[in-house]
Amino acid sequence: MVDFTLTDEQQALREMAHDFAEKEMRPVAWEYDKDGTWPQDIIEKAWELGLMNTHIPEEYGGAGASYFDGALIEEELSWGCSGIQTSLGCNGLATAPVVYAASEELKKEYLGRLTEAPLLASFCLTEPEAGSDVASMRTTAVKQGDKYVINGSKCFITNGGYANWYTVYAKTDKEAGHRGISAFIVPRDAGVVVDKKEDKLGQRASNTATISFSDVEIPAENLIGEENKGFKIAMATLDRTRPGVASMAVGIARAAMEFAVNYSKERVQFGVPIAMHQGIQFMIADMASEIEAARLLAWKSAVMLDNGERNTLVSSFAKRFAADTAMKVATDAVQVYGGYGFIKEYPVEKLFRDAKIMQLYEGTSQIQRLVIARETLLPRRVEEPAAV
Ligand SMILES: Cc1cc2nc3c(=O)[nH]c(=O)nc-3n(C[C@H](O)[C@H](O)[C@H](O)COP(=O)(O)OP(=O)(O)OC[C@H]3O[C@@H](n4cnc5c(N)ncnc54)[C@H](O)[C@@H]3O)c2cc1C
């Protein structure tokens, strides 16, 4: 039987995350957005409460929470401020390849660092010349004795300026396209250089940086999984993180809808609250139904992971639909506010800017459609396990 009722534990978790979003994030969200303030205080509080590192297994000090529980948390925290949540949630992205494929020693050391102290890790795939086309990356890792030497540059790295360690993808075979990529753990103190902090349209409280490696030496044991299997590890990572990103988009959309609903009941034009005009009601109706549909897709893609099923298709459904929904709902929320929606003093202006990134990072909406088309035209075996 399919039952969408949350258990008492899930309800309590959701309420805890909502409470944190309401009391700790909302009061500073618009202020932190204005100056791009780094939310160190909130990171420390969220870490203390166990709202970070939820997917790290218990044996490495994490909560070992399900992907579904993670989705509940991510929607609430993103409702609070998706910029701050991007920084809170990034450890999930950086650690997914480690949990998926790293050696026991690497897991103990690097997952342990994040659960023992409020430290951060970053996921480094994107390069200036290699965004959607991951295989064209130029960063190299050359094996020299018992070390790898890494050279190259990565851009748009979330928390790049603050990370203690980095999951880095690099070419170990330059001629082999996506089959020549390997994944590594690179500690910051191995010589990672932070070149630049980006000044962004939205999610301004999250840190987005360009980082570079110039003859950075790491032990050969820092290879995650097998050499030249990095592309597979990266794709498996995105299957695992897209349900959470979809939930974040739902959180933004929900926040925008709530503001629009409240405003439409207060703003009077033509002698009645604008909520009385059918044109406004229809926008609200579309927001409510699309948010519900986006949440159900996000939940399904998370539950499939929890059941050990391959969720590539459904996680792309979820990420694509939820991201496009967040952008549409935030755009319509600005419309409901009229000219005031365009003014920074009013809350939906920030949500409109924040929503845009959901269609860009962790695979653009076009790339999600490519995945969906490929999986639909050439379906793969559904029984293929999601975890190794
Ligand atoms: C705030 C922020 C945080 C980020 N965080 C991280 C991070 O932590 N780690 C990380 O590795 N990366 C991160 N990224 C990078 C992000 O994942 C990339 O920006 C994204 O994958 C797109 O790559 P690109 O920007 O190079 O765009 P491009 O790949 O150059 O795409 C440009 C346009 O062309 C379209 N396009 C490209 N190829 C095709 C195609 N085959 N068919 C149809 N359309 C296509 C795209 O959809 C897009 O509209 C972040 C980016 C931002 C802005």
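**View 1. Glu 76, a buried residue.** Glu 76 has a relative accessible area of 3% and is buried (under 20% relative accessible area, with exposed over 50% and partly exposed in between; 1.4 Å probe, protein chains only). The model is predicted: local features need pLDDT of at least 70, side-chain atom pairs count only at pLDDT 80 or more, and totals for chains, interfaces and linings use all residues. Residues are numbered from 1 along each chain as its sequence is written, and side-chain values use heavy atoms, leaving out hydrogens and water.

**View 2. Glu 76 and Arg 254 form a salt bridge.** Their closest N and O atoms are 3.0 Å apart (a salt bridge is a side-chain nitrogen of Lys or Arg within 4 Å of a carboxyl oxygen of Asp or Glu). Glu 76 lies in helix H3 and Arg 254 in helix H5 (residues 230-266), so the pair ties together parts 178 residues apart in sequence. Helices are DSSP runs (H or I, at least four residues), numbered from the N terminus. Both residues, Glu 76 and Arg 254, are buried.

**View 3. Glu 76 also meets Arg 14 in a salt bridge.** The N to O distance is 3.7 Å. Helix H3 (residues 67-101) holds Glu 76 and helix H1 (residues 8-35) holds Arg 14, so this pair ties together parts 62 residues apart in sequence.

**View 4. A network of salt bridges.** It links Arg 14, Glu 75, Glu 76, Arg 254, Glu 258, Glu 292 and Arg 295. The count of salt bridges comes to 23.

**View 5. Glu 375 and Arg 310 form a salt bridge.** The closest N and O atoms are 2.9 Å apart. Glu 375 sits in helix H9 (residues 365-377), and Arg 310 in the loop between helix H6 (278-306) and helix H7 (312-337). The pair links distant parts of the chain, 65 residues apart. Both Glu 375 and Arg 310 are buried.

Methods. Helices (H or I, at least four residues) and strands (E, at least two) are DSSP runs, numbered from the N terminus.
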